[in-house]
Amino acid sequence: MTTSRVASAGTLGVGVALVEHAPLRVIGAVAVAALAGCGVRAPKPIDVAHLLATRGPIEAHRDLEIRILADPRDIQARLAVAALDDQLGRPAEAIDELDEVEKQGGVLGVRWRDADRARLARLLVARGRARLARGSAAALDDFERALGVGARIESSAAPAAIAPVELVGARAAAALAKLRHVDAGLRAEGRRELAAIATQSGADPSWRGAAPAGSAIERAAFAEWLWAHGARREAYEQLVAWHAAAGPQSSAGARAAYLRALAWWSPIWSGESPAPSDAELVGPERCRFGCRARDALGDDEAERALLGSPLGARVTDPADAAAWAAIALRGALRGSGSWSQQLAARVDLGTLDLHALPRLVRPTFARLKGVTGKREPAPTAAELDAATADERFVAAAERVVIGSSPAAVRAALGESLDRADGRALLAIVEPIVPVAIAEARARAVARYVAGRTGAATTDDEAAFVELARAFDRDPAIAERLGRDYVARAVDASLAHAAVGAAFEALGDARVARAEWQAAVDGDPAFAAGLAEAIARAGDGDAALVAVAAGAAGSGDPAPVLVLVAHALLDAKRPIEALAAARSAIDLAGPEALAPALDVAIAASHVAKRDAQADSLLARRAKLAPPLALAVLPFDDPTDAGAALDALGHSPTAAAEAARAWVAAAWNPRDVGLRVALLGALPPGDPRKPTIVAELVELAGAPDGDFEAALRAARAVRAQR
């Protein structure tokens, strides 16, 4: 808390005893009493009610702003603006004015009245709650400032009252921010702070493991909590310490957590270091190091781990091949690449015995092996009833491949229609409802803002649809609407980030950078977004400096570095992109290494470092998702890479466009193919509105890929 804030503290009440900064607050109270004795007085207030009644809200606000522009030290006008903003539902602007009044207090104290302090306390409590809801460490500063100007600690729901459990939550959020940091000293502070509140009402029981005297069970629970909340480095170190002290009879859950953290931190899963012993391979993450596909089948976490495991020896067992058919299909529908290419990378098609496969899975592998001749008849109703849900799922997918009707696909799926994977498969033959271009151009911006920042309420969407439409008329109007959006927000930092994201989608790097900077000024949690905005503005050196801060405090640096590397590459700064990508490669876990290598390969090609690109490509070829290297004996309708390549060689060929259309349906997360297809299709093509609608959905970053989401939003914006 700054000296001016201490000096401005009013009646502290019982809150002083309950907040663990008593010495500082006692000093503040003494200072306030001393200043009061000096005769500090607030200026005569402006009658806001009269001004509002006679001039109306717009003119009244304008009159007061003119006064402030004429004299920035006009305390009366600032207090009146704060009161007016409070009435008009512009809390962020009201806080800004009251902050300025507080800054201008000087040695004699702040010249305001009890009503002004109460207003600031209430607004700070509201902002603290909003920040606490998104887990921001800045919530604690808001609550402490609110207590300094008269807020109370009590369990009531009064606007200027902070519940003890809220204060505990804010302290935990502040500690967690330190625990996410790469700096060991900061993480140690975070542990001490969390341990200090571990026994208070509202505390998570797992926080007891933060104390040095915590038991092995408590430490393991604490590590799992850390992992779930993004503090991966600290979770790994806690689990390593637990593993060294725990006996062989330790819980399976803790051993599984240790294996997951070990896979994230060490290169053992990529074959660069020895793998754990068989006794340690427990839980779903064991499949990261290799497990039988039949053992992973049906366990979502195990399937995802297996799909992410390095490419190794191909399976020949029919049961494992059948399991891979379903697992790879689910992965493809989530966006992890071609179904056929994944199967070709995991199953030894040359030696696989087709007749040993389940009846409903056999046609898929016959197609992959290039077996010609009479097609097997469609399965009968009795065969479908006798099959497993996953076998029916694969059979339904094969019907999609051969162009069966939606009704036939539904019949094959059966009860699997109620599962997410069944609905995703059906969406291939029942595409999304088209959207008009004019509507889509604005909605794509709102969707990107929601996915990028979490500003996803109905009011948020309406605000950014309006802002995007205004941008098309006059960018200055859009900037004004952005300022209004921030002024109306309870949490100005989140609002600035949302406006920054909107201008990213609109292609205005200058405003985007300024808004992300304003977000970080209020809350350092937005540092990664600022680094990306700086990169997209083309300032490579500054972006590398900024990304160091954003990545260091993220809990998992590699994804942040990959995102900024993409932004630098888009801004034609390949050398800086390589620098970010190399750091990402060094720090990447199993999920982030392939994306890090991909952007490094692309940057190497742009920088004319082809030998370096080839070296990186050789390393990338060992990882999942597999590169499209397998030569299949047919045109694979599920292969987006092959379709994109063919489209690039013949961008106006109707046959290649048709192939890309089918491949796009099979790859619902592939933004690049859809963007290329939009450029290849002639004006008025009836497929364009459907592709645009799909890109609008992808602009919301459904899989957390913000770089692809931005490409989707900008591709929609490019349509006329």
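Arg 330 is buried, with a relative accessible area of 10%; buried means under 20% relative accessible area, exposed means over 50%, and partly exposed lies in between, for a 1.4 Å probe and protein chains only. A salt bridge here is a side-chain nitrogen of Lys or Arg within 4 Å of a carboxyl oxygen of Asp or Glu. Arg 330 belongs to helix α16 (residues 318-334) and Glu 303 to helix α15 (residues 300-307), so this pair ties together parts that are 27 residues apart in sequence. Helices (H or I, at least four residues) and strands (E, at least two) are DSSP runs, numbered from the N terminus.

Before we go on, keep in mind that this is a predicted model: local features need pLDDT of at least 70, and side-chain atom pairs count only at pLDDT 80 or more, while totals for chains, interfaces and linings use all residues. Residues are numbered from 1 along each chain as its sequence is written, and side-chain values use heavy atoms, leaving out hydrogens and water.

How many salt bridges does a search of the whole structure find? The count is 60. Another of them joins Arg 359 and Glu 383, at 3.5 Å from N to O. This pair links distant parts of the chain, 24 residues apart: Arg 359 sits in the loop between α17 (339-346) and α18 (362-369), and Glu 383 in helix α19. Arg 359 counts as buried at 19% relative accessibility, whereas Glu 383 is partly exposed at 29%.

Now turn to the aromatic rings. Rings of Phe, Tyr and Trp (its six-membered ring) pair if their centres lie within 6.5 Å; planes under 30 degrees apart count as stacked, over 60 as edge-to-face and the rest as tilted. By this rule the structure has 10 aromatic pairs. In one of them, Trp 242 and Tyr 258 are tilted, at 6.5 Å centre to centre with 55° between the planes. Trp 242 lies in helix α12 (residues 232-245) and Tyr 258 in helix α13 (residues 252-265), 16 residues apart, and the pair links these distant parts of the chain. Trp 242 is buried at 4% relative accessibility, and Tyr 258 is buried at 11%. The ring centres of Phe 471 and Phe 503 are 6.1 Å apart and their planes stand at 75°, so that pair is edge-to-face. Phe 471 is in helix α24 (residues 458-473) and Phe 503 in helix α26 (residues 492-506), 32 residues apart. Both Phe 471 and Phe 503 are buried. Elsewhere, ring pairs link Trp 227, Tyr 236, Trp 264 and Trp 265 into a cluster.

What about the disulfide? The structure holds one, and it joins Cys 287 to Cys 291, with S to S at 2.0 Å. A disulfide is defined as a pair of cysteine sulfur atoms within 2.5 Å. The torsion about this S-S bond is about 95°, so the disulfide is right-handed. Cys 287 is buried at 0% relative accessible area, whereas Cys 291 is partly exposed at 22%.

Finally, let us follow the backbone. Most residues other than glycine have a negative phi, and most peptide bonds are trans. Lys 572 has a positive phi near 65°, and its place is the loop between α30 (557-570) and α31 (574-587). Ala 701 also has a positive phi, of about 50°, in the loop between α37 (688-698) and α38 (706-717). Is each of them buried or exposed? Lys 572 is exposed at 68% relative accessibility, while Ala 701 is buried at 10%. As for the peptide bonds, the one from Ala 624 to Pro 625 is cis, with omega near -5°. You will find Pro 625 in the loop between α33 (610-620) and α34 (640-649).
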